[in-house]
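The following paragraphs walk through a few local features of the structure shown here.

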Amino acid sequence: DKALNELKQGNQRFLDGKPANTQYKMQIAKTANDQFPHSLILSCLDSRIPPEIIFDQGIGNIFVARVAGNVEDPNILGSMEFATKVKNIKLIVVMGHNKCGAVKGAIDNAELGNLTQLVNQIKPAIDNNASGDSKLDATAKKNVALTINDILAQSPVIKQLVDEGKVKIVGAFYDLTTGKVEFLN
């Protein structure tokens, strides 16, 4: 809860234009020999969503895994297991966003090399009860929930830590037009 609160406060500092974690040279020196981040953010590859900036976390405070459509795979899961079990982070955030190109690709049946298998992972989240931008955003939010379920189903390490109350996993949704992060659960 403390880590989640720090991310919420950091997003508010970002929105207010009052960042507190910009002493990069000091942060580099402080983290040169080790790291002690409090959270891991699984976010979309989209260049408009840099988690360190939108949560005002600077260097060394969070792990960030980024992949189009914020989906997990064995490499992401292995990284998450390292972060939780070895580095003892307390929070995993799976963060989607509005106007997501990967989600749009899933809805539109995009096919392009390895991108095809990636968008196929998103297809189970498609919300057919909406249309246009609302369909896109509803699907992106549902994709966050499905990714969380997949993480817990595919990583016994993380599932155990969550069940023991040592790690919390939550969903979030970033608004590209405002910069605000909405936590979904």
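Where is S155 found? S155 lies in the loop between α7 (132-154) and α8; helices (H or I, at least four residues) and strands (E, at least two) are DSSP runs, numbered from the N terminus. The model is predicted, so local features need pLDDT of at least 70 and side-chain atom pairs count only at pLDDT 80 or more, while totals for chains, interfaces and linings use all residues. Residues are numbered from 1 along each chain as its sequence is written, and side-chain values use heavy atoms, with hydrogens and water left out.

S155 has 0% relative accessibility and therefore counts as buried (under 20% relative accessible area; exposed is over 50%, partly exposed in between, with a 1.4 Å probe and protein chains only). The side chain of S155 reaches the backbone nitrogen of I158 at 3.1 Å. Leaving aside neighbours within four places in sequence, S155 is in contact (heavy atoms within 4.5 Å) with L77 and E81.

Helix α4 (residues 74-86) packs against helix α8 (residues 156-163) at an angle of about 40°, with their axes 9 Å apart. Axes are lines fitted to C-alpha atoms, for helices over the stretch in contact, and angles run from 0 to 180 degrees between N-to-C directions. The two helices, α4 and α8, are therefore oblique to each other (under 35 degrees is roughly parallel, over 145 roughly antiparallel, 65 to 115 roughly perpendicular, and the rest oblique). On the α4 side, the contact is made by L77, M80, E81, T84 and K85, and on the α8 side by V157, I158 and L161.

T178 sits in the loop between β4 (168-174) and β5 (181-183).

How values were computed:
A polar contact is a pair of N or O atoms within 3.5 Å; within protein, one must be able to donate a hydrogen and the other to accept it, and residues adjacent in sequence count only if both atoms are side-chain atoms.
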